[in-house]
Amino acid sequence: MDNSVSSQNSLVSVHNLSFSRGNKKIFDDISLEFERGKITAIMGPSGTGKTTLLKLIGGQLFPDQGSVTVDGQNVHRLRRSELYNLRKRMGMLFQSGALLTDMNVYDNVAFPLREHTHLPESMIRTLVLMKLQAVGLRGARDLMPNELSGGMARRIALARAIALDPMMIMYDEPFTGQDPISMGALVHLIKSLNNTLGLTSIIVSHDVHETAAISDYIYVLSEGKVVGQGTPKEIQQSESEWVQQFMTGAADGPVHFHYPATDYVDDLLSSKKRSGRVSKRYGQL
Amino acid sequence: MTQFLQFLGRTTRTGFTKLGRGTFFLLHTLGGIGSILPRPRLILNQMYAVGVLSFLIITISGLFVGMVLGLQGFYILSDFGAEETLGLMVAASLVRELGPVVTALLFAGRAGSALTAEIGLMKATEQLSGMEMMAVDPIKRIISPRFLAGLLSMPLLAALFSMIGILGGHMVGVGLLGVDEGSYWSQMQAGIDFQDDIVNGVIKSIVFGFVATWIALFEGYDTIPTSEGVSRATTRTVVNSAFSILGLDFILTALMFGD
């Protein structure tokens, strides 16, 4: 696959990556480049393995084939200690926030600092308050994670992700399940963090408008392949039927509304409880 | 027939795979203890959750087991006119067997299930995964201190159980049934051997603590990250711990008191 982005300036490169779970092929020989200092989005419908891709980049999963390079280092060739050193420079924002439920907001943000640095407590306090101020939740530092709303939890997790001043952040579905106000706050926050801290951001999302508004480059994935890529403008004008369906949210198109099944009438008239295996590949380009 | 063989093969294979994963997990956990020792706060917090919060159930159970032992022992011993040795009987049963075994069973039910549910839910809510991405090894940071806490708490709880049990036996035997106070204590003092009884009992409780904590932590770490998965893992913790404790108790008893 050709890449229009030069690999010279990219922080993360994914080369000919294949990954499968059981018999299901999640990625089939995909290549992606993530440029330094830019916001790159990976879009695609649920179940296309977008989160899996982030876990592959973070070295939590191993690919069947291909390689992932982060800042010049092949993630899956590193020894454990080297991988952990690399991860200190990578932030990840989980969809659920993944805050530690047995400590309050302050201690959650302080957690990576306490684990990885020998800074005095007064310095940690300053840093934590700065990070919390950046996400606008300095006043919430004494709350426990179960007292936070979903949007607040995600912002706290973001403060924690930037606690060690990483070179990049991976966002896993940052906009899902947010009300319009916290969605707006998050969109603004991701953009401004990227610009002020000089981060490289990777956003995995299926929220078309919010993601397109802030990203510099977009990859659209489906069925384990890259089906479209380009700047938000190029993507919007893409001639690919598939990309058009995804961007406009049409119910039927190359991706079908129905999960693969046997003929409807036959199914109603037969007495079988389980559906037969359907071997036909569905919804492919 | 082939189906049966298939089933047998599959079950054996999954069983051994799990045992292998469990062993790696244990080695990793033991390897993490070194880095946890300079941070006693982490261990103390867990000892509070695992040990101190189990005080109530251990104390009450110990008291009742001791009282029942006093009662039953008195009826049987008095048939032979040997009720003076009640103290020895109560203490020997508790220190050798009931203390370590019943404490371990209660420990698996009270603390083990809590550990499994906690770790399982941490996995289900991506807290473990999140820690990994923050370059913090969850086994070192989360599992090792809990393992050490379980290992240290079990012998202490078993000792507490035996002590309360002996007092319970005293309450019933001496207080209610009129066994001579002096002989209750002196028979115990004369008959209980430090090496044979107490040390062996402590060894048992350490082994049970090791196994019960290992099972609880591994089941939690290995759980399928759903509500159903956590519920099943918690059940497995209690059932597998009980089987292992009872089986090991038989083996240890045969080894220790066999000759």
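This is a predicted model: local features need pLDDT of at least 70, side-chain atom pairs count only at pLDDT 80 or more; totals for chains, interfaces and linings use all residues.
## Chain B in outline

Chain B contains 9 helices and 0 strands, and its pattern, read along the sequence, is accordingly written α-α-α-α-α-α-α-α-α. The C-alpha trace of chain B spans about 65 × 55 × 35 Å along its principal axes.

## Helix packing within chain B

Two packed helices are described by the angle between their axes and the distance between the axes. In chain B, helix 4 and helix 6 pack at an angle of about 145 degrees, with their axes 7 Å apart, and the crossing of these two helices of chain B is right-handed. The contact of helix 4 of chain B with helix 6 of chain B has, by class, 21 nonpolar, 7 polar and 2 charged residues.

Helix 6 of chain B also packs with helix 3 of chain B (residues 55-79), and the axes of this pair come within 6 Å and cross at roughly 40 degrees. Because of that angle, helix 3 of chain B is oblique to helix 6 of chain B, and helix 3 of chain B passes helix 6 of chain B in a right-handed crossing. On the side of helix 3 of chain B, the residues that meet helix 6 of chain B include B:F55, B:I58, B:G62, B:G66 and B:G70, while on the side of helix 6 of chain B the contact residues include B:L157, B:F161, B:G165, B:G168 and B:G169. By class, the contact of helix 3 of chain B with helix 6 of chain B has 12 nonpolar, 8 polar and no charged residues.

## A helix pair in chain A

In chain A, helix 5 (residues 150-161) and helix 6 (residues 180-197) pack at an angle of about 10 degrees, with their axes 10 Å apart. These two helices of chain A are therefore roughly parallel to each other, and helix 5 of chain A passes helix 6 of chain A in a left-handed crossing.

The contact brings A:G151, A:R154, A:R155 and A:L158 of helix 5 of chain A against A:S182, A:L186, A:L189 and A:L193 of helix 6 of chain A. The residues of this contact divide into 4 nonpolar, 2 polar and 2 charged.

## The second largest pocket

The second largest pocket has a volume of about 710 Å³, and of the 25 residues that line this pocket, the closest to its centre are A:Q60, B:S129, B:E132, B:P138 and B:Y221. The elements that give two or more residues to the lining are helix 2 (80-87) of chain A together with helix 1 (2-36), helix 4 (86-124), helix 5 (127-133) and helix 6 (138-176) of chain B.

Helix 2 of chain A gives the most to the lining of the second largest pocket, with 4 residues. By class, the lining residues of the second largest pocket divide into 13 nonpolar, 4 polar and 8 charged.

Rolling a probe the size of a water molecule over the atoms shows where empty space is left. A search of the whole structure finds 1 cavity of 30 Å³ or more, and about 140 Å³ of space lies in the largest cavity.

The largest cavity is lined by 15 residues, among which A:M90, A:G91, A:R160, A:A161 and B:M134 lie nearest its centre. Strand 6 (90-93) and helix 5 of chain A, together with helix 5 of chain B, are the elements that give two or more residues to this lining. The residues of the lining of the largest cavity divide into 10 nonpolar, 2 polar and 3 charged.

How values were computed: Residues are numbered from 1 along each chain as its sequence is written. Chains are lettered from A and ligands numbered from 1 in the order in which they are written. Side-chain values use heavy atoms; hydrogens and water are left out. On a 1 Å grid over the protein atoms alone, a cavity is a set of points where a 1.4 Å probe fits but cannot get out, and a pocket is an open set with protein on both sides within 12 Å along at least five of seven lines; lining residues have an atom within 4 Å of a point. Grid points are joined across faces, edges and corners, and a volume is the space filled by probe spheres set on the points. Ala, Val, Leu, Ile, Met, Phe, Trp, Tyr, Cys and Pro count as nonpolar, Asp, Glu, Lys and Arg as charged, and the others, Gly among them, as polar. Axes are lines fitted to C-alpha atoms, for helices over the stretch in contact, and angles run from 0 to 180 degrees between N-to-C directions. Angles under 35 degrees count as roughly parallel, over 145 as roughly antiparallel, 65 to 115 as roughly perpendicular and the rest as oblique. A crossing is left-handed if the near helix is turned anticlockwise from the far one by less than a right angle, and right-handed if clockwise. Contact means heavy atoms within 4.5 Å.
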